[in-house]
Amino acid sequence: MNKKKVITLFSSIVFAGGVLAGCSSDTEETYTDKKEEASVEQVEEQQTSDETTEVSVEDSITSKQIEAYKLMIEELGNAKEGNPVDWDKVGSLYEADLQDAVTETNGDFDQAIVTAKDAAAAGELDANIAKQIIDKLTQSYFYHKQKSLHKDVIAFLEEEKQADAELAFAELKLLAEEVIIPTAVKRDSYYELTDTFSMEQSIQAGLAAQEIALNEGNIEDFSVLVQLTDKSIYRSYYLAAQSYAEKIEAAVAEGNADELNLTIMQAEAWGFFQAIKGSLSGGDEAAAQQLDELFSLNMTNPVDIKAEQVHDLFTKAFVGKSKVYHGKVVTALEEGNVNEATIEALEGNMFVKAIELELGDDRIALLEQAEKWYDAVSENKGDEAAPISESIVATLDKLINE
């Protein structure tokens, strides 16, 4: 896959819903054509590799973690039905297959999960609140897990370990299918997002394009395409947190402000936000910190959460992130690193796309500019990219200063 194909893919994700089905006819045809061009020996070797990978995935750490998570959620589901939860079982599952990895990724995640479990077991915390903290923080861990698997694939490709790269990617696809995409589907449903807006379709499209680059052993294109998948997932976590703020305010306005139910929703918002909090702080630290405080059970009464304030804070944070990448692109091009600049440009654009629901009348014009900027950067046309970048940043600034 050459740079032009990457550019075309970005255009399709922004504007053309038909390509976004992940297993679209165009994507399948491209991959099929390449397989037909291969020699018989290459095809047989690929088939053997696929069979080995499929078996190995079932025994992978990722597979075991997913299974432990699903069993934990099944047991925690008793809380919603008003039945007792076997907290020892939940703890054993977590300790056996997840705790070490969660702790290594983020010790705060582990501390909160264990504290919630122990407090609920002691009758000091409602089981439904504990359930949401454990569930959403584990999902936040899985967000970081997918980022790690992306890095593993790239590292294996750099070491020319194709089979290992394919196995890591198979783990990534399994994680997406079992945990990440179901979460995105819920947000698509809540916000009625379809076609170019759909996070599920964007994730599937990103994975499909990455798989083509992987099978070609194309490290540069795979590295660029990571941003399509990762930032679509990122967006689903952000919208998950935002949606609970909206649900909380709506419940209060409708007079359905049961304290326990509001706190449960607040716990869900907080848990999802933890996945992206660290990254979001890199754009507008004050906005990210305020969001964390709004969602924190020990800092904010849920009746005081206002959806518009949450929208505005997320918009500030995402605009800040996008502007950071505009600066990184300039540096990368000055250093002659076009591939790095291309990655940074796509990442910056995906942060803009993440808040497209907030762009209003500026949406189409801004996304068109984003596409032109990406084209210029990927073709190493810094002089053309600079004024487009300035225009995009000016529009973003207007969005947060109105």
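## Exercises on a helical model

Leaving out residues up to four places away in sequence, Phe318 touches Tyr234, Tyr238, Leu280, Phe351, Ala354 and Ile355; contact means heavy atoms within 4.5 Å. This is a predicted model, in which local features need pLDDT of at least 70, side-chain atom pairs count only at pLDDT 80 or more, and totals for chains, interfaces and linings use all residues. Residues are numbered from 1 along each chain as its sequence is written, and side-chain values use heavy atoms, with hydrogens and water left out.

**Exercise 1.** Find how many helices and strands the protein has.

Solution. Helices (H or I, at least four residues) and strands (E, at least two) are DSSP runs, numbered from the N terminus. The count gives 17 helices and zero strands.

**Exercise 2.** Decide whether Thr315 is buried or exposed, and list its contacts.

Solution. Step one: Thr315 is part of helix H14 (residues 307-334). Step two: buried means under 20% relative accessible area, exposed over 50%, and partly exposed in between (1.4 Å probe, protein chains only). Thr315 has 7% relative accessibility, so it counts as buried. Step three: apart from neighbours within four places in sequence, Thr315 contacts Ile355, Glu358, Leu399 and Ile400.

**Exercise 3.** Describe the largest nonpolar core.

Solution. Such a core is a set of buried Ala, Val, Leu, Ile, Met, Phe, Trp, Tyr and Cys residues joined through side-chain atoms within 4.5 Å. The largest one has 114 residues, and those touching the most other members are Leu98, Ile276, Leu280, Phe295, Phe314 and Phe318. Helix H11 (residues 219-253) supplies the largest share of this core, 16 residues.

**Exercise 4.** Work out how H12 and H13 are oriented to each other.

Solution. Axes are lines fitted to C-alpha atoms, for helices over the stretch in contact, and angles run from 0 to 180 degrees between N-to-C directions. For helix H12 (residues 259-280) and helix H13 (residues 285-295), the axes come within 9 Å and cross at roughly 160 degrees. Angles under 35 degrees count as roughly parallel, over 145 as roughly antiparallel, 65 to 115 as roughly perpendicular and the rest as oblique. H12 and H13 are therefore roughly antiparallel.
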